[in-house]
Amino acid sequence: MNKDWIEVTIITSSEAVEAVSAMLYNTGVEGVSILDPLDLIFRRDHTTDWDYFDETIIDTNSGVVIKGYYKKDDKFEDYLEKVKKGVDNLPKFGLDKGVGSVTAEKVNEEDWENNWKKYYKPIKVGEKIVIKPIWEKYNKKPNEIIVELDPGMAFGTGSHETTRMCIKALERHVDVSSTVFDIGTGSGILAIAAAKLGAKKTIGVDLDPVAVDSAKQNVSYNDISNIEILYGDLLDVVKGKADIVVANIMADIIMFLTDQVKSVIEGGGYFISSGIILSKKDEVINKLTQCGFNIEEINIEGEWVCIVAKL
(Lines give C-alpha, C1' and ligand atoms only; values in the text may rest on other atoms or scores of the structure.)
Protein backbone atom coordinates (compact mmCIF):
# COMPACT_ATOMS: atom_id res chain seq x y z
CA MET A 1 0.00 0.00 0.00
CA ASN A 2 1.35 3.43 -0.96
CA LYS A 3 2.07 5.41 2.22
CA ASP A 4 3.09 8.64 0.45
CA TRP A 5 0.68 11.52 -0.09
CA ILE A 6 0.96 15.03 -1.50
CA GLU A 7 0.32 17.83 0.97
CA VAL A 8 -0.86 21.06 -0.66
CA THR A 9 -0.47 24.10 1.60
CA ILE A 10 -2.39 27.30 0.89
CA ILE A 11 -1.71 30.45 2.93
CA THR A 12 -4.63 32.84 2.67
CA SER A 13 -6.95 35.10 4.71
CA SER A 14 -9.74 34.29 7.15
CA GLU A 15 -12.43 35.54 4.79
CA ALA A 16 -11.23 33.22 2.01
CA VAL A 17 -11.33 30.01 4.07
CA GLU A 18 -14.68 28.72 2.81
CA ALA A 19 -13.95 29.59 -0.83
CA VAL A 20 -10.56 27.85 -0.76
CA SER A 21 -12.04 24.83 1.03
CA ALA A 22 -14.69 24.60 -1.69
CA MET A 23 -11.95 24.67 -4.34
CA LEU A 24 -10.19 21.75 -2.70
CA TYR A 25 -13.37 19.69 -2.48
CA ASN A 26 -13.96 20.24 -6.19
CA THR A 27 -10.70 18.38 -6.82
CA GLY A 28 -9.53 14.97 -5.68
CA VAL A 29 -8.67 16.00 -2.13
CA GLU A 30 -8.87 13.23 0.48
CA GLY A 31 -8.68 15.40 3.60
CA VAL A 32 -8.39 19.04 4.67
CA SER A 33 -7.07 20.78 7.78
CA ILE A 34 -7.48 24.48 8.57
CA LEU A 35 -5.39 26.51 11.02
CA ASP A 36 -6.74 30.05 11.48
CA PRO A 37 -4.81 32.00 14.16
CA LEU A 38 -7.63 34.55 14.58
CA ASP A 39 -10.11 31.76 15.20
CA LEU A 40 -7.79 30.18 17.75
CA ILE A 41 -7.37 33.52 19.54
CA PHE A 42 -11.15 33.93 19.69
CA ARG A 43 -11.52 30.53 21.30
CA ARG A 44 -8.64 31.15 23.71
CA ASP A 45 -10.39 34.30 24.91
CA HIS A 46 -13.78 32.58 25.26
CA THR A 47 -12.87 29.81 27.67
CA THR A 48 -16.41 28.43 27.97
CA ASP A 49 -16.10 27.33 24.33
CA TRP A 50 -12.74 25.63 24.77
CA ASP A 51 -11.63 22.63 26.81
CA TYR A 52 -8.00 22.53 25.68
CA PHE A 53 -5.65 25.10 24.23
CA ASP A 54 -2.07 24.90 22.95
CA GLU A 55 -0.61 28.43 22.67
CA THR A 56 2.30 27.22 20.54
CA ILE A 57 0.12 26.74 17.46
CA ILE A 58 -0.79 30.46 17.23
CA ASP A 59 1.14 32.53 14.70
CA THR A 60 -0.78 35.69 13.83
CA ASN A 61 1.75 36.66 11.16
CA SER A 62 1.31 33.56 9.03
CA GLY A 63 -2.29 34.03 7.85
CA VAL A 64 -4.65 31.08 7.59
CA VAL A 65 -2.93 27.81 6.68
CA ILE A 66 -5.12 25.35 4.77
CA LYS A 67 -3.69 21.94 3.96
CA GLY A 68 -5.19 19.52 1.46
CA TYR A 69 -4.04 15.92 1.12
CA TYR A 70 -3.95 14.11 -2.23
CA LYS A 71 -2.95 10.72 -3.50
CA LYS A 72 -0.31 11.00 -6.21
CA ASP A 73 -1.91 10.15 -9.56
CA ASP A 74 -2.04 11.44 -13.13
CA LYS A 75 -4.72 14.00 -12.21
CA PHE A 76 -2.81 15.68 -9.39
CA GLU A 77 -0.96 18.28 -11.48
CA ASP A 78 -4.24 19.41 -13.01
CA TYR A 79 -5.78 19.67 -9.54
CA LEU A 80 -2.83 21.71 -8.29
CA GLU A 81 -3.04 24.11 -11.23
CA LYS A 82 -6.78 24.52 -10.67
CA VAL A 83 -6.21 25.41 -7.01
CA LYS A 84 -3.45 27.91 -7.89
CA LYS A 85 -5.68 29.67 -10.42
CA GLY A 86 -8.59 29.66 -7.99
CA VAL A 87 -6.52 31.32 -5.25
CA ASP A 88 -5.19 33.92 -7.70
CA ASN A 89 -8.78 34.73 -8.73
CA LEU A 90 -10.12 35.27 -5.18
CA PRO A 91 -9.91 39.09 -5.46
CA LYS A 92 -12.24 38.97 -8.48
CA PHE A 93 -14.94 37.72 -6.08
CA GLY A 94 -14.26 40.40 -3.48
CA LEU A 95 -12.17 38.11 -1.25
CA ASP A 96 -8.76 38.93 0.21
CA LYS A 97 -6.39 36.16 -0.85
CA GLY A 98 -3.83 37.14 1.80
CA VAL A 99 -0.37 35.73 1.04
CA GLY A 100 -2.03 33.62 -1.63
CA SER A 101 0.77 31.05 -1.82
CA VAL A 102 0.16 27.46 -2.93
CA THR A 103 2.89 24.84 -2.41
CA ALA A 104 3.03 21.05 -2.59
CA GLU A 105 5.27 18.42 -1.02
CA LYS A 106 5.30 14.69 -0.32
CA VAL A 107 4.28 13.54 3.15
CA ASN A 108 4.10 10.12 4.75
CA GLU A 109 0.59 8.87 5.50
CA GLU A 110 1.44 8.15 9.14
CA ASP A 111 2.83 11.68 9.61
CA TRP A 112 -0.32 13.19 8.11
CA GLU A 113 -2.65 11.08 10.24
CA ASN A 114 -0.79 12.00 13.41
CA ASN A 115 -0.09 15.68 12.71
CA TRP A 116 -3.36 17.17 11.52
CA LYS A 117 -5.41 15.69 14.36
CA LYS A 118 -3.57 17.73 16.99
CA TYR A 119 -5.49 20.85 15.89
CA TYR A 120 -8.90 19.35 16.70
CA LYS A 121 -10.15 19.04 20.27
CA PRO A 122 -13.69 18.96 21.71
CA ILE A 123 -15.30 22.39 21.50
CA LYS A 124 -18.52 23.63 23.07
CA VAL A 125 -20.23 25.72 20.42
CA GLY A 126 -23.45 26.99 21.98
CA GLU A 127 -25.43 26.41 25.14
CA LYS A 128 -25.71 22.65 24.53
CA ILE A 129 -23.80 21.43 21.49
CA VAL A 130 -20.29 20.03 21.90
CA ILE A 131 -18.40 19.01 18.76
CA LYS A 132 -16.17 16.05 19.60
CA PRO A 133 -13.65 14.52 17.18
CA ILE A 134 -14.24 10.77 17.11
CA TRP A 135 -10.74 9.96 18.42
CA GLU A 136 -11.00 12.28 21.46
CA LYS A 137 -12.37 11.45 24.92
CA TYR A 138 -14.79 13.89 26.55
CA ASN A 139 -16.66 13.86 29.84
CA LYS A 140 -20.20 14.92 28.96
CA LYS A 141 -21.72 17.47 31.32
CA PRO A 142 -25.45 17.64 32.21
CA ASN A 143 -27.63 19.00 29.38
CA GLU A 144 -24.80 18.85 26.83
CA ILE A 145 -25.43 17.30 23.41
CA ILE A 146 -22.42 15.59 21.83
CA VAL A 147 -21.91 15.65 18.06
CA GLU A 148 -19.33 13.05 17.02
CA LEU A 149 -17.36 14.20 13.98
CA ASP A 150 -14.41 13.29 11.80
CA PRO A 151 -13.24 16.84 10.91
CA GLY A 152 -10.82 15.71 8.22
CA MET A 153 -13.46 14.47 5.81
CA ALA A 154 -15.26 17.64 4.66
CA PHE A 155 -15.53 21.31 5.52
CA GLY A 156 -17.39 22.03 8.74
CA THR A 157 -15.77 21.34 12.11
CA GLY A 158 -17.53 23.71 14.49
CA SER A 159 -14.42 25.85 14.91
CA HIS A 160 -15.24 28.41 12.23
CA GLU A 161 -17.33 31.46 13.16
CA THR A 162 -19.96 30.77 10.50
CA THR A 163 -20.56 27.22 11.72
CA ARG A 164 -20.70 28.30 15.36
CA MET A 165 -23.28 31.00 14.64
CA CYS A 166 -25.46 28.59 12.65
CA ILE A 167 -25.40 26.03 15.47
CA LYS A 168 -26.32 28.69 18.04
CA ALA A 169 -29.23 29.78 15.82
CA LEU A 170 -30.38 26.17 15.49
CA GLU A 171 -30.32 25.84 19.26
CA ARG A 172 -32.68 28.81 19.52
CA HIS A 173 -35.15 27.72 16.86
CA VAL A 174 -35.22 23.90 16.51
CA ASP A 175 -37.92 22.02 18.42
CA VAL A 176 -39.53 18.58 18.25
CA SER A 177 -41.94 19.69 15.51
CA SER A 178 -39.22 21.08 13.20
CA THR A 179 -38.32 19.82 9.76
CA VAL A 180 -34.87 21.15 8.88
CA PHE A 181 -33.14 21.36 5.47
CA ASP A 182 -29.36 21.92 5.47
CA ILE A 183 -28.17 23.23 2.09
CA GLY A 184 -24.52 22.51 1.26
CA THR A 185 -24.23 20.17 4.21
CA GLY A 186 -20.47 19.60 3.88
CA SER A 187 -19.39 17.44 6.82
CA GLY A 188 -23.05 17.20 7.88
CA ILE A 189 -22.34 19.07 11.10
CA LEU A 190 -25.39 21.37 10.96
CA ALA A 191 -27.80 18.63 9.91
CA ILE A 192 -26.48 16.36 12.67
CA ALA A 193 -26.72 19.18 15.23
CA ALA A 194 -30.35 19.85 14.21
CA ALA A 195 -31.18 16.15 14.48
CA LYS A 196 -29.58 15.90 17.91
CA LEU A 197 -31.46 19.00 19.05
CA GLY A 198 -34.63 16.94 18.53
CA ALA A 199 -35.88 18.01 15.10
CA LYS A 200 -38.65 15.79 13.76
CA LYS A 201 -36.80 15.38 10.46
CA THR A 202 -33.49 16.70 9.11
CA ILE A 203 -32.29 16.54 5.51
CA GLY A 204 -28.76 17.51 4.46
CA VAL A 205 -28.14 18.18 0.76
CA ASP A 206 -24.89 18.70 -1.14
CA LEU A 207 -23.82 18.82 -4.78
CA ASP A 208 -20.38 17.40 -3.90
CA PRO A 209 -20.37 13.58 -3.74
CA VAL A 210 -17.29 13.65 -1.48
CA ALA A 211 -19.19 15.83 1.02
CA VAL A 212 -22.22 13.54 0.82
CA ASP A 213 -20.10 10.48 1.61
CA SER A 214 -18.40 12.34 4.46
CA ALA A 215 -21.69 13.55 5.91
CA LYS A 216 -23.14 10.04 5.79
CA GLN A 217 -20.06 8.70 7.57
CA ASN A 218 -20.38 11.37 10.25
CA VAL A 219 -24.06 10.54 10.70
CA SER A 220 -23.03 6.94 11.38
CA TYR A 221 -20.92 8.09 14.35
CA ASN A 222 -24.02 9.54 16.02
CA ASP A 223 -27.03 7.66 17.39
CA ILE A 224 -29.69 9.37 15.25
CA SER A 225 -32.38 8.13 12.89
CA ASN A 226 -34.24 11.39 12.13
CA ILE A 227 -31.78 12.43 9.43
CA GLU A 228 -31.18 11.86 5.72
CA ILE A 229 -28.23 12.96 3.56
CA LEU A 230 -28.92 13.45 -0.16
CA TYR A 231 -26.79 14.18 -3.22
CA GLY A 232 -28.05 16.82 -5.61
CA ASP A 233 -29.72 20.22 -5.90
CA LEU A 234 -32.18 21.26 -3.20
CA LEU A 235 -35.34 21.37 -5.30
CA ASP A 236 -34.40 18.31 -7.34
CA VAL A 237 -34.04 15.92 -4.41
CA VAL A 238 -36.09 17.32 -1.51
CA LYS A 239 -39.85 16.86 -1.29
CA GLY A 240 -42.17 18.91 0.88
CA LYS A 241 -41.36 21.96 2.98
CA ALA A 242 -39.22 22.79 5.99
CA ASP A 243 -39.76 24.84 9.10
CA ILE A 244 -36.09 25.78 9.08
CA VAL A 245 -33.60 26.01 6.21
CA VAL A 246 -29.95 26.53 7.12
CA ALA A 247 -27.26 27.43 4.57
CA ASN A 248 -23.65 28.02 5.56
CA ILE A 249 -22.28 28.69 2.09
CA MET A 250 -21.25 32.08 0.61
CA ALA A 251 -23.10 35.36 0.27
CA ASP A 252 -23.45 35.26 -3.53
CA ILE A 253 -24.79 31.69 -3.49
CA ILE A 254 -27.20 32.52 -0.66
CA MET A 255 -28.61 35.42 -2.69
CA PHE A 256 -28.87 33.21 -5.77
CA LEU A 257 -30.75 30.52 -3.82
CA THR A 258 -33.08 32.78 -1.82
CA ASP A 259 -36.04 32.44 -4.20
CA GLN A 260 -35.67 28.64 -4.18
CA VAL A 261 -35.38 28.59 -0.42
CA LYS A 262 -38.55 30.68 -0.06
CA SER A 263 -40.48 28.07 -2.02
CA VAL A 264 -39.56 25.29 0.42
CA ILE A 265 -40.11 27.11 3.73
CA GLU A 266 -43.40 26.91 5.57
CA GLY A 267 -45.10 30.20 6.43
CA GLY A 268 -43.58 31.44 9.67
CA GLY A 269 -40.47 29.34 9.05
CA TYR A 270 -36.86 30.46 9.40
CA PHE A 271 -33.98 30.83 6.94
CA ILE A 272 -30.63 30.73 8.76
CA SER A 273 -27.87 31.87 6.40
CA SER A 274 -24.15 32.32 7.00
CA GLY A 275 -20.81 32.18 5.22
CA ILE A 276 -21.45 35.89 4.65
CA ILE A 277 -18.47 38.24 4.89
CA LEU A 278 -19.24 41.54 6.64
CA SER A 279 -18.94 43.60 3.45
CA LYS A 280 -21.75 41.55 1.85
CA LYS A 281 -24.17 41.82 4.81
CA ASP A 282 -26.37 44.58 3.40
CA GLU A 283 -26.63 42.91 -0.02
CA VAL A 284 -27.90 39.69 1.55
CA ILE A 285 -30.33 41.56 3.81
CA ASN A 286 -31.71 43.47 0.82
CA LYS A 287 -32.20 40.26 -1.16
CA LEU A 288 -33.95 38.53 1.74
CA THR A 289 -36.22 41.52 2.26
CA GLN A 290 -37.06 41.73 -1.45
CA CYS A 291 -38.10 38.07 -1.35
CA GLY A 292 -40.53 38.67 1.52
CA PHE A 293 -38.42 37.65 4.52
CA ASN A 294 -38.38 39.61 7.76
CA ILE A 295 -34.94 39.92 9.35
CA GLU A 296 -35.11 38.52 12.89
CA GLU A 297 -31.42 38.38 13.88
CA ILE A 298 -28.11 39.70 12.56
CA ASN A 299 -25.26 37.97 14.38
CA ILE A 300 -21.62 38.92 13.81
CA GLU A 301 -18.38 37.22 14.83
CA GLY A 302 -15.18 38.74 13.50
CA GLU A 303 -15.59 39.34 9.76
CA TRP A 304 -18.53 36.94 9.46
CA VAL A 305 -22.31 37.37 9.58
CA CYS A 306 -25.17 34.97 10.27
CA ILE A 307 -28.67 36.20 9.41
CA VAL A 308 -31.88 34.63 10.72
CA ALA A 309 -34.85 35.62 8.55
CA LYS A 310 -38.51 34.67 9.01
CA LEU A 311 -41.00 34.10 6.19
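Phe76 is buried, its relative accessible area being 2%, where buried means under 20% relative accessible area, exposed over 50% and partly exposed in between, with a 1.4 Å probe and protein chains only. The model is predicted, so local features need pLDDT of at least 70 and side-chain atom pairs count only at pLDDT 80 or more, while totals for chains, interfaces and linings use all residues. Residues are numbered from 1 along each chain as its sequence is written, and side-chain values use heavy atoms, with hydrogens and water left out.

**Aromatic pairs**

- Rings of Phe, Tyr and Trp (its six-membered ring) pair if their centres lie within 6.5 Å, and planes under 30 degrees apart count as stacked, over 60 as edge-to-face and the rest as tilted; by this rule there are three aromatic pairs.
- Tyr70 and Phe76 are an edge-to-face pair, because their ring centres are 5.5 Å apart and their planes stand at 65°.
- Tyr70 is buried, with a relative accessible area of 2%, and one aromatic cluster is formed by Tyr70, Phe76 and Tyr79.
- Phe271 and Phe293 make a tilted pair, with 5.9 Å from centre to centre and 45° between the planes.
- Phe271 belongs to strand 12 (residues 265-277) and Phe293 to the loop between helix 10 (281-290) and strand 13 (294-301), so their pair ties together parts that are 22 residues apart in sequence; helices (H or I, at least four residues) and strands (E, at least two) are DSSP runs, numbered from the N terminus.
- Phe271 counts as buried at 1% relative accessibility, and Phe293 counts as buried at 2%.

**Surroundings of Trp135**

- Trp135 is placed in the loop between strand 6 (129-133) and strand 7 (145-149), and is partly exposed, with a relative accessible area of 27%.
- The side chains of Trp135 and Glu136 are joined by a polar contact of 3.5 Å, a term for a pair of N or O atoms within 3.5 Å of which, within protein, one must be able to donate a hydrogen and the other to accept it, residues adjacent in sequence counting only if both atoms are side-chain atoms.
- Between Trp135 and Lys121 the C-alpha to C-alpha distance is 9.3 Å, and the two are 14 residues apart in sequence.

- Three strands form an open sheet in the order 5-6-7 with mixed pairing, where two strands pair if DSSP finds at least two bridges between them.
- Strand 5 (123-124) and strand 7 are the edge strands, each pairing on one side only.
- Strand 5 pairs with strand 6 in the antiparallel sense over two bridges, and Ile123 has Ile131 in strand 6 as its bridge partner.
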